[in-house]
Amino acid sequence: MAFDSLSDRLQYALKKVTGRGKLSENDIETMMREVRLSLLEADVNFKVVKEFTNEVKAKALGEKVFKSLTPGQQVVKIVHEELKKIMGDEAESLTFKVQGITIFMMVGLNGAGKTTHAGKLALYCRKKYNKKPLMVAADVYRPAAIDQLVTIGKQLNIPTFELGTNFSPVEIVEKALQFAKDNHHDLVIIDTAGRFHVNEELMLELENLKAVAKPDEILLTVDAMTGQDAVNVALSFHEKLNVSGVVLTKLDGDTRGGAALSIRRVTGVPIKFMGLGEKLDQLEVFHPERMADRILGMGDVLTLIEKAQDAIDEEEAERMAKKFKNATFDYNDFLKQIKQIKRLGNLKGFLKLIPGLGSQLKNIDIDENKFNYIVAMISSMTEQERKNPDLINSSRKHRIARGSGRDISEVNQMTKQFEEMRQMMRKMMNMSPREMERMMNNMNQPGGMRPGTNVSQSKGKGKNRGRRAPWQ
Amino acid sequence: MGIFNNIKKMFNKNKGQMSQEEIDVLEKAEKYKKGMEKTRGSMATRLKTLFDSYSTINEALFDELEEIFIMADIGVNTVLELVDSLRADVRMRSVNDLNEFQSIIIDKIFEIYVKDEVVNTNLNLSDDGLTVLLFVGVNGVGKTTSIGKVAHKLKAEGKKVMMAAGDTFRAGAIDQLKIWAERVGCECITKPEGSDPASVMYEAIQKAKNENVDVLLCDTAGRLQTKVNLMKELEKVHRVISREVPNAPHDTLLVIDATTGQNGMNQAKAFTEATNVSGIVLTKIDGTAKGGIVLAIRNELGVPIKFVTMGEKITDLEYFDIEQYIFGLFSDLFE
Ligand SMILES: Nc1nc2c(ncn2[C@@H]2O[C@H](COP(=O)(O)OP(=O)(O)OP(=O)(O)O)[C@@H](O)[C@H]2O)c(=O)[nH]1
Ligand SMILES: [Mg+2]
């Protein structure tokens with residue numbers, strides 16, 4: 001069974017867990033297994049995973065369960081918070097000399113992206129810090145490595161210092177530093193050859209380069225697709241060179257990038273930048289939080305869990321549930337709900353929070369703008385109409401349409417959908433868990449929702465094709 | 001394990017007593033062993049200490065085994081499958097001898113790879129006329145270098161080889177391949193940077209046909225498998241090649257870096273979909289990474305590994321041999 005995200009995994013695991021609503025030690029055990037597999041699938045180093053899950057477990061045992069969250073969400077929340085803690089709050093920035101020439105040195109395994117990122121960083125520093133960079137071609141081993149850097153330099157209109165392949169890297173760097181001084185460069189970025197951390201001879205070469213260049217930053221460039229070995233690589237480079245930052249490359253693919261977590265945890269070296277493509281402007285300052293989400297494979301759901309805690313008043317939520325159940329839900333409640341949802345920012349994300357619904361909603365498109373129209377229409381109702389939706393007849397609808405500046409068909413649609421929603425909610429609230437599951441399974445079948453669930457469906461065209469939520 | 005015993009015996013044999021065939025096997029084994037020295041280190045040491053510290057086969061031992069396999073980047077699913085089937089075996093055959101258990105582990109890894117098939121790791125060379133090999137993969141895995149090495153090997157086997165510089169995108173890529181062609185001593189067909197790669201292939205094929213070349217090796221730009229347009233471009237390259245030469249490309253080789261983690265599976269899936277990958281080149285096994293994801297790829301997608309590379313020299317490439325590979329991973333256990 002393949003899962004896209006930790007929350008999917010936990011949803012699945014929770015089916016096996018009895019006693020919803022409370023986290024028993026047993027539940028936590030079950031869920032920790034899923035957390036562990038999820039992190040391993042994301043390429044987090046297994047030792048790091050082990051320590052991490054133990055910490056989360058201890059944390060989860062002591063924690064009070066929020067009423068607004070399911071146990072699965074509760075665990076996701078703890079996992080996420082702990083991940084964020086490791087990744088750090090903010091990206092750490094580059095170190096520049098106050099006076100004189102700042103020197104960066106790019107190091108890493110073969111093919112990690114050093115040369116490309118030397119170029120990207122040169123461009124970034126010129127733009128952001130108004131620097132006058134010089135790039136230095138010190139990879140004298142790989143065929144055409146120098147051409148590659150020179151070509152990049154031409155593309156960016158940034159000078160590249162090279163002496164061909166007949167000088168040693170140390171000589172090249174010495175001469176480059178002199179050249180930089182003579183030509184008033186204030187930033188030198190040295191591209192070095194790719195090498196294995198276990199190649200002693202080549203690692204020694206880097207130590208010598210470091211001694212000559214006295215770099216302000218040694219940036220270990222790591223391919224985000226790296227597996228379990230990332231820890232060994234980072235530890236060796238760090239041990240030999242005292243690396244000051246990591247550039248994580250090729251994050252434009254679909255790798256979960258667990259290497260980021262392993263490296264940060266094991267070496268403590270901050271990840272400073274992320275590479276997001278082959279083009280030279282595809283470089284971004286590292287976002288620890290985004291990375292934490294990515295490793296969990298869950299996009300922005302997590303932030304919503306956090307927001308949900310703030311935005312949803314627990315008592316209010318319970319009152320609302322009761323109203324659903326008894327079908328006394330009226331337009332005032334509807335309005336309140338919409339406002340709450342809007343406060344959450346993103347409806348789709350919010351819906352994911354409904355237990356069991358999250359994984360079903362992936363392909364549903366929701367136009368958030370529609371909410372504003374609905375709010376306008378409800379605001380044009382009288383208090384009586386809001387309290388008693390059955391009052392709203394054709395002539396009242398026309399008045400509401402005029403008052404809100406919407407078309408009569410939109411008012412019709414909204415009232416119809418309100419009715420459907422009221423029905424559906426009442427049904428759901430009175431369902432046994434098994435019935436609920438059956439309904440969800442029906443919804444998940446190709447062709448969309450089944451009749452009898454009172455959920456209307458329409459197919460959009462082009463971009464918006466897909467299932468739609470009942471209120472559209 | 002019979003095969004291992006044979007290799008083991010050979011290591012203890014005096015070279016004078018060996019047949020040429022035996023010497024070849026031995027040399028290859030030594031190359032693997034050397035190439036995988038770093039790789040092997042931690043894995044074998046851990047297995048060894050693992051077995052030293054257990055006197056019976058129990059759950060804790062299985063858990064630790066699971067970790068060791070995960071550490072080798074064998075995909076999570078495959079590892080779970082592997083360990084479950086080890087458990088079942090131990091139970092069924094009521095194994096309690098640790099030595100016997102060790103050989104069961106090796107057997108199981110073999111099974112995962114071999115899958116009761118005769119695995120064809122040889123290249124699918126055409127008997128008469130031109131053979132085309134297409135190299136594909138994500139950025140930075142070593143496609144260009146592998147082409148240089150494979151070309152060198154084929155030339156040494158008496159083939160007339162030619163290269164096509166299909167990476168018209170990355171700065172310096174064309175020059176890089178040209179340097180390899182010089183080293184090998186073969187022709188390299190290029191077009192200016194930015195040209196349509198399919199047109200490079202077309203031209204190279206015409207030239208190769210005219211000059212009675214045996215094997216044409218085609219380089220392509222690295223691309224992440226999620227880039228729809230770039231994958232389409234690759235499909236087009238593939239299409240042009242198969243249109244121009246019957247049954248071509250005879251092999252489409254997906255190059256995977258041994259340091260790659262679970263993303264290797266996504267790579268294999270997407271590239272297979274676009275270009276019908278027939279084999280894998282596993283590169284950089286001279287580091288500490290084990291490249292175990294290729295076992296998962298073989299297990300889940302059936303794609304075999306055809307070559308491994310273990311260094312930057314032109315001779316640092318070998319036909320893949322599962323016995324040697326596993327021997328390289330575990331050889332300390334057998335000495
Ligand atoms: N998609 C993507 N490709 C990248 C990124 N960074 C680098 N690349 C590509 O990865 C490949 C290797 O990049 P290089 O910059 O040559 O890597 P390197 O570390 O200098 O390689 P060696 O010098 O051979 O060790 C090239 O094809 C780059 O275009 C990135 O962030 N995203
Ligand atoms: Mg480079």
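Trainee: In E7(B), which residue is the bridge partner of Val281(B)?

Mentor: This is a predicted model, in which local features need pLDDT of at least 70 and side-chain atom pairs count only at pLDDT 80 or more, while totals for chains, interfaces and linings use all residues. Residues are numbered from 1 along each chain as its sequence is written, and chains are lettered from A and ligands numbered from 1 in the order in which they are written. Strands (E, at least two residues) and helices (H or I, at least four) are DSSP runs numbered from the N terminus, and two strands pair if DSSP finds at least two bridges between them. Strand E6 (residues 279-283) of chain B is joined by three bridges to the parallel strand E7 (residues 305-309) of chain B, where the partner of Val281(B) is Phe307(B).

Trainee: Are the residues on both faces of E6(B) buried or exposed?

Mentor: A residue is buried if 20 or more other C-beta atoms, placed from the backbone, lie within 10 Å of its own, exposed if 12 or fewer do, and partly exposed in between. In a regular strand the side chains alternate between the two faces of the sheet. Gly279(B), Val281(B) and Thr283(B) lie on one side of E6(B), with Ile280(B) and Leu282(B) on the other, and all of them are buried.

Trainee: Through which helix does the chain cross from E5(B) to E6(B)?

Mentor: Strand E5 (residues 251-257) of chain B pairs with E6(B) in the parallel sense over five bridges. The β-α-β crossover from E5(B) to E6(B) is right-handed, which means that, with the strands pointing away from the viewer, the path from the first strand over the helix to the second runs clockwise. The helix on this path is H11(B).

Trainee: Why does Leu50(B) count as partly exposed?

Mentor: Leu50(B) belongs to helix H3 (residues 37-52) of chain B. Its C-alpha atom is separated by 8.3 Å from that of Leu65(B), 15 residues away along the chain. Leu50(B) counts as partly exposed because its C-beta neighbours inside 10 Å number 15.

Trainee: How many residues does the contact take from chain B and from chain A?

Mentor: Two residues are in contact if their C-beta atoms, placed from the backbone, lie within 7 Å. By this rule, the contact takes from chain B 32 residues and from chain A 32 residues.

Trainee: Which helix gives the most to the side of chain B that touches chain A?

Mentor: The elements giving two or more residues to this side are helix H4 (59-71), helix H8 (173-184) and helix H11 (263-275) of chain B. The one that gives the most, with four residues, is H8(B).

Trainee: Which residues come nearest to ligand 1?

Mentor: Ligand 1 lies between chains A and B. A residue is near a molecule if its C-beta atom, placed from the backbone, lies within 6 Å of it. Of the 26 residues around ligand 1, those that come nearest are Gly113(A), Thr115(A), Gly194(A), Gly275(A) and Asn139(B).

Trainee: How do the residues of the shell around ligand 1 divide into nonpolar, polar and charged?

Mentor: Helix H5 (residues 114-129) of chain A gives the most to this shell, with three residues. Ala, Val, Leu, Ile, Met, Phe, Trp, Tyr, Cys and Pro count as nonpolar, Asp, Glu, Lys and Arg as charged, and the others, Gly among them, as polar. The shell divides into five nonpolar, 14 polar and seven charged.

Trainee: In E7(A), which residue is the bridge partner of Leu248(A)?

Mentor: Strand E6 (residues 245-249) of chain A has five of its five residues buried. E6(A) pairs in the parallel sense with strand E7 (residues 271-275) of chain A over three bridges. Within E7(A), the bridge partner of Leu248(A) is Met274(A).

Trainee: Through which helix does the chain cross from E6(A) to E7(A)?

Mentor: The β-α-β crossover between E6(A) and E7(A) is right-handed. The helix through which the chain crosses, covering residues 259-267 of chain A, is H10.

Trainee: Which residues in H11(A) are buried?

Mentor: Helix H11 (residues 288-296) of chain A is mostly covered, with seven of its nine residues buried. These are Pro288(A), Met291(A), Ala292(A), Asp293(A), Arg294(A), Ile295(A) and Leu296(A).
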